[in-house]
Amino acid sequence: MIPTGLPRPVHADLSRVSESLGMLTPRWNVQILTTVSAQALRYTEIKARMPWLQDGQLHPKLRWLAATGLLDRTEHGVRNVTYGLSARGTDLLPVLAVIAAWGGTHLEKPAPAPPGTADVRASEVLQNIEDTLVLIGARHATPILWSLQTRGTSSAKAVAADAMPGHGLSAVYPRLRQLVDDRLVDTDADETDYRLSPAGQALAPVYRALSAWAAGRPLTDAATHPVWGHPPAPSQIADGMSASAASRLPAPAAPAPALQTTPSARWRAGELFSHRGPVPARASVGTLTGGYRR
């Protein structure tokens, strides 16, 4: 758990979200979950769909995902074990859909796939999920984003006090610069004021969905959130936190829309990831639209 200087209720919520990101960000975890989203599979069947993973890589991941409660490991007999989504893992699928939607809108897009190529489309969606998780799952990235969402425009010193207590002020600048490079945060030429970019603000549905799932609440409860449910205002800033000086940056974009909970915002298990062909290994992390891929 990353310590923060945020108010206790916000810290508790953020800690649950950070723990959830810790389950999802390790490479291949999301693909394993989506591979068994249609039905439980034996180890050899999963291995056939992810042939680039050696036994020494795949088997520990399956065990770990089962230990986290995202997979059910069922022994049917001697050498007959299947892995399938648990109820907790199934509840995660609509959250992944929200993450994929953000990535599809804000990450650099590859050339469009020809019509009818379902496997390629599934691969693009999966990469959008994984690339988004890499951006927000980086160390201190999510606490910094939550601090800026809570405070609005803020100084590096104030962000460091919220997101990285116990670290020197110099430690926060590389994290902020990376978020600026990733176009989740905006700053001025002097790097004195920081605030969420429009893409950073658009992460609201992602964090609302992750917060609801991490707390075991239905996604229908994710329409509002004490931090991400509405733009911050001075009267809504928790005790011990104060708004920073007026920003020299452009005015913020309109608040992100509420999380959709209609069928268009989610997929049915197996509907999107039931392809048989392997998904190529992720070569890079996508940056925001119009940027490069690093």
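Helices (H or I, at least four residues) and strands (E, at least two) are DSSP runs, numbered from the N terminus. By that rule, glutamate 191 lies in the loop between S4 and S5.

The model is predicted: local features need pLDDT of at least 70, side-chain atom pairs count only at pLDDT 80 or more, and totals for chains, interfaces and linings use all residues. Residues are numbered from 1 along each chain as its sequence is written, and side-chain values use heavy atoms, with hydrogens and water left out.

**Confidence**

pLDDT is the predictor's confidence in each residue, from 0 to 100. The protein has a mean pLDDT of 79. A value of 70 or more is reached by 73% of its residues. Among the elements, strand S5 (residues 194-196) has the highest mean, 97. Helix H6 (residues 118-137) has the lowest, 87. Over residues 231-284 the pLDDT is below 50. Beyond near neighbours in sequence, this stretch still has 114 contacts in the model. A contact means heavy atoms within 4.5 Å.

**Overall build**

The protein has 11 helices and five strands. Of its 294 residues, 47% are buried. Buried means under 20% relative accessible area, exposed means over 50%, and partly exposed is in between (1.4 Å probe, protein chains only). Take the contacts with a separation of 6 or more: 69% of them join residues 24 or more positions apart.

**The sheet**

Three strands form an open sheet in the order S1-S3-S2, with antiparallel pairing. Strand S1 (41-42) and strand S2 (71-77) stand at the edges. Each has a single partner strand, so one side of each is left without a neighbour in the sheet. Two strands pair if DSSP finds at least two bridges between them. S2 and strand S3 (residues 80-85) are joined by six bridges. Arginine 73 stands opposite tyrosine 83 in S3. Helix H4 (residues 55-67) lies across S2 and S3. H4 runs at about 110 degrees to S2. Axes are lines fitted to C-alpha atoms, for helices over the stretch in contact, and angles run from 0 to 180 degrees between N-to-C directions.

**A covered helix**

How many residues of helix H7 (residues 141-151) are buried? The count is 11 of 11. Among them are Pro143, Trp146 and Arg151. Just after H7, glycine 152 takes a positive phi of about 80 degrees.

Arginine 183 has a positive phi near 65 degrees. This residue is found in the loop between helix H9 (169-181) and strand S4 (185-187). Arginine 183 is partly exposed, because its relative accessibility is 39%. Glutamate 191 also has a positive phi, near 55 degrees. Glutamate 191 is partly exposed at 28% relative accessibility.

**Aromatic pairs**

Rings of Phe, Tyr and Trp (its six-membered ring) pair if their centres lie within 6.5 Å; planes under 30 degrees apart count as stacked, over 60 as edge-to-face and the rest as tilted. The structure holds four aromatic pairs. Two of the pairs are listed here.

| Pair | Centre to centre | Angle between planes | Type |
|---|---|---|---|
| Tryptophan 28 and tryptophan 52 | 5.6 Å | 50 degrees | tilted |
| Tyrosine 207 and tryptophan 228 | 4.9 Å | 35 degrees | tilted |

Tryptophan 28 and tryptophan 52 are 24 residues apart. Tryptophan 28 is buried, with a relative accessible area of 8%. Tryptophan 52 is partly exposed at 24% relative accessibility. Tyrosine 207 sits in helix H11 (residues 204-214), and tryptophan 228 in the segment after H11. Both tyrosine 207 and tryptophan 228 are buried. Ring pairs link Trp146, Tyr207 and Trp228 into a cluster.
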